[in-house]
Amino acid sequence: MKINKLTLDNGLRLVHHEDTSTQMVALNIVYDVGARDEHPDHTGFAHLFEHLMFGGSVHIPDYDAPLQLAGGENNAWTNNDITNYYLTVPKSNVEIGFWLESDRMLELAFSEQSLEVQRGVVMEEFKQRCLNQPYGDVGHLLRPLAYQTHPYRWPTIGKEPSHVANATLDEVKSFFFRFYAPNNAVLAVTGNISWEETVRLAEKWFGPIPRREVPMRQLPQEPIQTEERRLTVERNVPLDALFMVFHIGRRGDADYYAFDILSDILSNGRSSRFNQRLVQEKKLFSSIDAYISGTRDAGLFHISGKPSVGVSLEQAEAAVREELEELKHSLVGEQELEKVKNKFESTQIFGNINYLNVATNLAWYELTGEAEDINREVDNYRAVTAEQLRMVAEEAFRKENGVVLYYKKQINK
């Protein structure tokens, strides 16, 4: 994939890939700020900003209306590491996208009314997702068990609704000017637009925005866990559930690819080990999944499942541990490993056919390393060996490196 790059004088990193097979253009801006950058007593701010950014900017009172009139669409998402905004627009109206995104990077139309509206939206989302949904509080239970020092110990939506409910306009402004800066962002532009036109529009609309003083990130590092942590809760849910996590490395570590492959060997598809053995053959689980968090700081290997009726959480946990022990002591077969690698390769190839996916991926890779890393991903997965899988499993799937949550169905007395 041909990638063009430029850093503007104000520090904004610009990446580009031209795709003439579409009549659309995508702009994806990723800001280097997430929930890990929040104060422990003021959580949920990164997610709040995902909403505030659509409430109007200094020169544009309504973000959505001009984009819709231009035939465009937009959305955003936040996690513990980053905040991501994207839009798509027909190539003939592409300048509207640059105009909209640059104005809200310059400054939002801060007002008590806008803050009040978005606070209400976020608090309602917290109630729906975390308080009124079965298993909705799992993140609030697991994270503080797994992380006792690092700010990954709270979810993106925040520790509790009161943190956002009590947010003041001055606190919100301070957060914006600390992190929403050209020198703290990457703009990826893909689709039917030339590199020359991309540079012209980026310089015209983003160039005048002044760089800002972005604080140096100094996050407390999580100490190595030395003993297993366990918790049992009872809730009004339809079924018991088992949640297990194990500490692993960062998204940028070499072993990241091995852990990603392990999670797919265990639970991706009908022929995966968990599905074949624990669901189909032994009928111990009605459903079970494994995945990795893939965070920029040290992350987690997640296993979650709902035991079949009549199967205790203790039996379910023992069955999972048996599968993990096998990974620690036996090499994954060549055919099984190759099948998973082929899936990764096809996912990568087909995923990067879509111009919007390319914009999202280029922005991420440039923020965390360099955009050209997108061309190396398949090779990184291909390089993983069966022995490497065994070694990382042996290191990670130790009891003292894990957290277990028994989430029990409440018995009405």
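## How α9 meets α12

In this predicted model, helices α9 and α12 sit roughly perpendicular to each other. The angle between them is about 110°, and their axes are 10 Å apart. Helix α9 covers residues 256-267, while α12 takes in residues 334-351. An angle from 65 to 115 degrees counts as roughly perpendicular, so this pair gets that label.

Who does the touching? On the α9 side, D260, I261, D264 and I265 make the contact. From α12 come E336, L337, V340, K341 and F344. Sorted by class, that gives 5 nonpolar and 4 charged residues, with no polar ones.

Is Q348 buried or exposed? Its relative accessible area is 19%, so Q348 is buried, given that the cut-off is under 20%.

Setting aside neighbours within four places in sequence, Q348 touches Y365, I374, E377 and V378. One of these, E377, turns up again below as a salt-bridge partner of R251.

## The buried side of α5

Helix α5 runs over residues 138-146, and its buried residues are V138, L141, L142, L145 and A146. They span an arc of only 115° around the axis, so they end up on the same side of α5.

What does that buried set pack against? The partners are strands: β7 (229-235), β8 (241-247), β10 (300-307) and β11 (402-409).

Take R251 and E377: their side chains meet with an N to O distance of 3.1 Å. This pair joins distant parts of the chain, 126 residues apart. R251 is in the loop between β8 and α9, whereas E377 is in helix α14 (residues 377-382).

Both partners are buried. R251 has a relative accessible area of 14%, and E377 has one of 4%. Those values are under the 20% cut-off, so R251 counts as buried, and so does E377.

Another salt bridge pairs R277 with E326, with 2.9 Å between the closest N and O atoms. R277 sits in helix α10 (residues 273-281) and E326 in helix α11 (residues 313-329), so the bridge ties together parts that are 49 residues apart in sequence. Both ends are partly exposed: R277 has a relative accessible area of 23%, and E326 comes in at 30%.

## A pair within α15

E387 and R390 form a salt bridge as well, the closest N and O atoms being 2.8 Å apart. Here both residues belong to helix α15 (residues 386-396), and they are 3 residues apart, about one turn of the helix. E387 is partly exposed at 34% relative accessible area, whereas R390 counts as buried at 19%.

Elsewhere, salt bridges with shared partners link R273, R277, E323, E326 and E336 into one network. That brings back the R277 and E326 pair, and also E336, one of the α12 residues in contact with α9.

Key
Residues are numbered from 1 along each chain as its sequence is written. This is a predicted model: local features need pLDDT of at least 70, side-chain atom pairs count only at pLDDT 80 or more; totals for chains, interfaces and linings use all residues. Side-chain values use heavy atoms; hydrogens and water are left out. Axes are lines fitted to C-alpha atoms, for helices over the stretch in contact, and angles run from 0 to 180 degrees between N-to-C directions. Helices (H or I, at least four residues) and strands (E, at least two) are DSSP runs, numbered from the N terminus. Angles under 35 degrees count as roughly parallel, over 145 as roughly antiparallel, 65 to 115 as roughly perpendicular and the rest as oblique. Contact means heavy atoms within 4.5 Å. Ala, Val, Leu, Ile, Met, Phe, Trp, Tyr, Cys and Pro count as nonpolar, Asp, Glu, Lys and Arg as charged, and the others, Gly among them, as polar. Buried means under 20% relative accessible area, exposed over 50%, partly exposed in between (1.4 Å probe, protein chains only). The arc is that of the directions from the helix axis to the C-beta atoms. A salt bridge is a side-chain nitrogen of Lys or Arg within 4 Å of a carboxyl oxygen of Asp or Glu.
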